[in-house]
Amino acid sequence: GLPHLPGRKPFGGHIMSQDFVEAALMRRAGWEVRMAPLLGGSYEETPPTLSDLIARDRRWCQGNLQHLMVLPSRGLHWISRLHLLRGVSSYLTAPIWLALLVMGVILALRPDLGVAGWSHARGDGAVAHADSGAVLGIFAISMGFLLAPKLMAFAAMLADPDERRAFGGARRAFGGLMLEMALSTLIAPILMLNQVRALASILAGRDSGWPAQSRDEGRVSLAEAARRHLGDTLAGLALAAAALWAAPDLLLWMSPVVAGLIGAIPVAMLSARRDLGLKARRAGLLLIPEETSPPPVIVHLNALLTRPPEPTPHATPRRAPVAAEPLFS
């Protein structure tokens, strides 16, 4: 029952990200709308590969940018406008982060364009050096984008004894946090670069559509990973070369971003491997409450999946049936 947005896609047409729009219209109609940040019994798995994650994020980006067409609507509560605006602004983080990295290289080459404290001497063969405080600031902001939400979530989990047990205990949860932070630090610059591409694509008028999402695990071949992430690798090499040429110490501070981009192809292949995820689960790493204490619906589903199929009459199976792998076993 939602209205269609005026104009052509990608900004017009069906509303792709509907939840906050529905909440805003219900609030305008006089209903009280509450947000449930902890709603038990409901969850959604992450897409199984990095490419599928990027494809979903592209749709989310377009859906959030569509909210710019909803913001001017008359009669919306101010908190509804704030929620919609927050969704739009979340996709401004990627270009701001990329601009921050590029500015670091530019300021190392042209210190006169920025604040004092950037030394530069190229004519006599000397190597340029960036002021450690300024470069450390760039590094701290970059890492803050990545780590602050995770550390706050971990602290909230530690404060709740039931949550601690559900995540496998404080020690295992800390090990999982360290592993997840290492993986997300490598993946974050890849997502950043692809979000910038998504913004450019949407502003150029290209519609993402809404293809079916892949939910089945599977491996990613070297050829497929190279086809999808060669551009990310080349961007990482270019950024590394520019930082090294501008100021060698700048490359050190940019190393987390550079490593993620240059390693995009192996990261895409390794993060899609199901066997590595199962090994982590057996080690008690990256556990979630649905694994340590599965809800009844998952227990029932596991029982159905592991039950051998009933033999069909008047038919001889060509091979022995194999029971499906239980979820969260």
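What share of the 329 residues in the protein do buried residues make up? Buried residues make up 33% of them, where buried means under 20% relative accessible area, exposed over 50% and partly exposed in between (1.4 Å probe, protein chains only).

## Basis of the description

This is a predicted model, in which local features need pLDDT of at least 70 and side-chain atom pairs count only at pLDDT 80 or more, while totals for chains, interfaces and linings use all residues. Residues are numbered from 1 along each chain as its sequence is written, and side-chain values use heavy atoms, with hydrogens and water left out.

## Overall make-up

The protein has 15 helices and zero strands. Both are DSSP runs numbered from the N terminus (helices: H or I, at least four residues; strands: E, at least two). Of the contacts with a separation of 6 or more, 72% are between residues 24 or more positions apart; contact means heavy atoms within 4.5 Å.

## Helix H8 and helix H2

Helix H8 covers residues 170–203. Its axis and that of helix H2 (residues 50–65) come within 10 Å and cross at roughly 45°. Axes are lines fitted to C-alpha atoms, for helices over the stretch in contact, and angles run from 0 to 180 degrees between N-to-C directions.

On the H2 side, the residues making the contact include Leu50, Leu53, Ile54 and Asp57, and on the H8 side they include Ile187, Ile190, Leu191 and Asn194. By class, this contact has 11 nonpolar, four polar and two charged residues. Here Ala, Val, Leu, Ile, Met, Phe, Trp, Tyr, Cys and Pro count as nonpolar, Asp, Glu, Lys and Arg as charged, and the others, Gly among them, as polar.

## Helix H8 and helix H9

The axes of H8 and helix H9 (residues 222–246) come within 11 Å and cross at roughly 105°. The two helices are therefore roughly perpendicular to each other. Ile190, Leu193, Asn194 and Arg197 of H8 meet His229, Gly231, Asp232 and Ala235 of H9. Three nonpolar, three polar and two charged residues form this contact.

## An aromatic pair

Rings of Phe, Tyr and Trp (its six-membered ring) pair if their centres lie within 6.5 Å; planes under 30 degrees apart count as stacked, over 60 as edge-to-face and the rest as tilted. The count by this rule is one aromatic pair. Phe154 and Phe174 form a tilted pair, with 6.1 Å centre to centre and 55° between the planes. Phe154 lies in helix H6 (residues 132–158) and Phe174 in helix H8, so the pair ties together parts that are 20 residues apart in sequence. Phe154 is buried at 16% relative accessibility, whereas Phe174 is partly exposed at 43%.

Leu179 is found in helix H8 and counts as partly exposed, at 31% relative accessibility. Not counting residues up to four places away in sequence, Leu179 touches Leu285 and Leu286. The C-alpha atoms of Leu179 and Leu286 are separated by 7.8 Å, although the two residues are 107 residues apart along the chain.

Pro10 lies in the segment before helix H1 (19–28) and is buried, with a relative accessible area of 3%. Leaving aside neighbours within four places in sequence, the contacts of Pro10 are Gln62, Gln66, Ile202, Gly205, Arg206 and Asp207. Pro10 and Arg206 are 196 residues apart along the chain, and their C-alpha atoms are separated by 6.2 Å.

Key. Angles under 35 degrees count as roughly parallel, over 145 as roughly antiparallel, 65 to 115 as roughly perpendicular and the rest as oblique.
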